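Have the structure open while you read.

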Amino acid sequence: MRTGKEYLDSLKDGRTVLVDGKAVEDVTEHPAFNRAAKTMAELFDLAADPNNNMQAHAEEIDGLANRVFMAPRSSEELKLRRQAIECWAKHTHGWVGRSPDHVGTFFSCFGTHLEVFNTENGDFSENMRNYYKRILSENLYVSYAIIPPQVSRATTASGWEGDYLQVGVVRETEEGLIVRGSQMLATGGAIADEVFITCIKPLGPDDVDFAISFALPISTDGLKLYCRRPYAPAATSEFDYPLTTRYDEPDSLVVFDDVLVPWDRVFINRDIAALRSQFFDTGAHVLGNWQAQIRFSTKLKFIAGVARKVTQVNGTDKIPGVQEKLGELAALISGVESGVLAAEYTAEPDAAGVIIPGKRALYGAMGLQAETYPRVITILRDLVGGGVLQLPSSVTDMVSEVTKGDLEHYIQSPGVSSEERVKLFKLAWDIIGSEFSGRHQQYEMFYAGAPFVVKGAYTYRNFGYEEFVAELDDFLSQYNVHGKKE
Ligand SMILES: Cc1cc2nc3c(=O)[nH]c(=O)nc-3n(C[C@H](O)[C@H](O)[C@H](O)COP(=O)(O)OP(=O)(O)OC[C@H]3O[C@@H](n4cnc5c(N)ncnc54)[C@H](O)[C@@H]3O)c2cc1C
């Protein structure tokens, strides 16, 4: 199985990653990406270690593969899959949203529902079969950009001024499709092997040129990644910014300058209905978002640990009002964990025999995520008070002869050394106040779609209101103005 070193070596491939007006020569060396890439390498090493039980036999390749890329075919396999996802999530404490298991999970459903890629505009099912086999056998790290760029949400791309702002087909050649345009927002793209491009937002009949689905290596000619401001380079040290330094996964706008997508990399070509089917008729949206909730739950439990420890250090944990706040935090977090486990408990096989987690539980937890996460952060913000600012300017103050004496004396708590206290509160700041933390708030609120989409399209539609309305109708039918019906 692919090791972390092999993954890091493979990133030196001439990819076009743009930061501060120029192309990055080597993402494994650049301060914006090297630590995040190292974190991903650690994940590959964890998967390669048989002691972590992340490997299993995959029938599609008749060989060993990473469970996080495999389609579960029994309840036991679903549970083992969750445990494998947890193994990775615990390593990053949930602070890496787009580890390779995220998009890889979507492909485990695409690759087992090939019929969806046999479309009216071409049969691309063999392409998907072969691509999925590559993910399994090569442990590919695929990122994705499946949202049209934010230009105007008043119309879809066909209504925008300016050609090909969203990525679309310019022409077909014997070799494949020539695509031009952009797509948001490939988290992890700069340090991934490949990027999957498609569109999950509904398109109109005039948008057919944008109704495509394909995957390409990041190093493809003409493919460019425009990264947001990276936070890791400005982080003074691991001690000052323990999360920013390790987990600043890059987000980027993906731009295609008349890029050739070879035919064997095309999964859907100009087919609006097939775009929806790939996500919603294969189980991919459910299993993929279940992975995301497992990761989210892991992160929330890490934050719970920080909150509890802060109250211990500050001596506030015996105060009933503080215990109530910790209780609210516990309720929010156990609600998410329960959603994950309830989705597993209510999972059922689909027509292809793939076990798909229960939608009511999954989309129920997701529906509140845009409120749960900010509330969790607000509670932690409340509990830490000004302690996150009563801190040395950097770790240098802690070792300088000029400053360390005062800091050791004044910044401490009963039974807690200055170093321990500062460490804890600097971590808390990286959760609630750093630029990295702000990006995380945005991530948790938006990664699965804007809240109006998650609640309106996923939670509402998958709750199963019909069942309860039928029950209610039965109840209402039992009496009328004349009393109880016989
Ligand atoms: C940190 C981060 C990482 C991301 N990583 C990825 C990634 O790896 N891959 C990927 O494909 N995408 C990624 N995304 C993009 C994400 O999928 C989108 O942000 C999400 O789908 C919402 O789309 P949008 O940002 O264009 O918001 P919009 O759809 O423009 O919505 C923004 C707001 O406008 C309002 N609004 C807009 N339209 C309507 C409407 N019709 N009805 C009611 N209100 C409306 C709502 O208030 C809404 O919250 C990421 C986003 C973030 C923030």
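Q183 sits at 1% relative accessibility, so it counts as buried (under 20% relative accessible area; exposed is over 50%, partly exposed in between, with a 1.4 Å probe and protein chains only). Bear in mind that this is a predicted model: local features need pLDDT of at least 70, side-chain atom pairs count only at pLDDT 80 or more, and totals for chains, interfaces and linings use all residues. Residues are numbered from 1 along each chain as its sequence is written, and side-chain values use heavy atoms, with hydrogens and water left out.

**Around Q183**
- Leaving out residues up to four places away in sequence, Q183 touches (heavy atoms within 4.5 Å) a set of residues including I146, P148, V167, C199 and L253.

- The peptide bond from M184 to L185 is cis, with omega near -5°, and L185 belongs to the loop between β9 and β10 (194-197).
- H93 isn't a glycine, yet it has a positive phi of about 55°; it lies in the loop between α3 and α4 and is partly exposed at 29% relative accessibility.
- D258 isn't a glycine either, and has a positive phi of about 45°; its place is in strand β13 (residues 252-262), and at 35% relative accessibility it is partly exposed.

**Where the domains meet**
- The domain assignment (bounds from an automatic or database assignment) gives domain 1 (4-280) and domain 2 (284-471), with C-alpha centres 25 Å apart.
- In contact terms, 48 residues of domain 1 meet 44 residues of domain 2.
- The two domains bury about 3,900 Å² between them (accessible area, 1.4 Å probe, lost on being put together and summed over both), 69% of it on carbon and sulfur atoms.
- L78, W95 and F239 supply 20% of the area that domain 1 buries against domain 2, more than any other three residues.

**Charged pairs at the interface**
- The rule finds four salt bridges across the interface of domain 1 and domain 2 (a side-chain nitrogen of Lys or Arg within 4 Å of a carboxyl oxygen of Asp or Glu).
- R439 forms a salt bridge with D251, the closest N and O atoms being 2.7 Å apart.

Conventions: Helix = DSSP H or I, 4+ residues; strand = E, 2+ residues; numbered from the N terminus.
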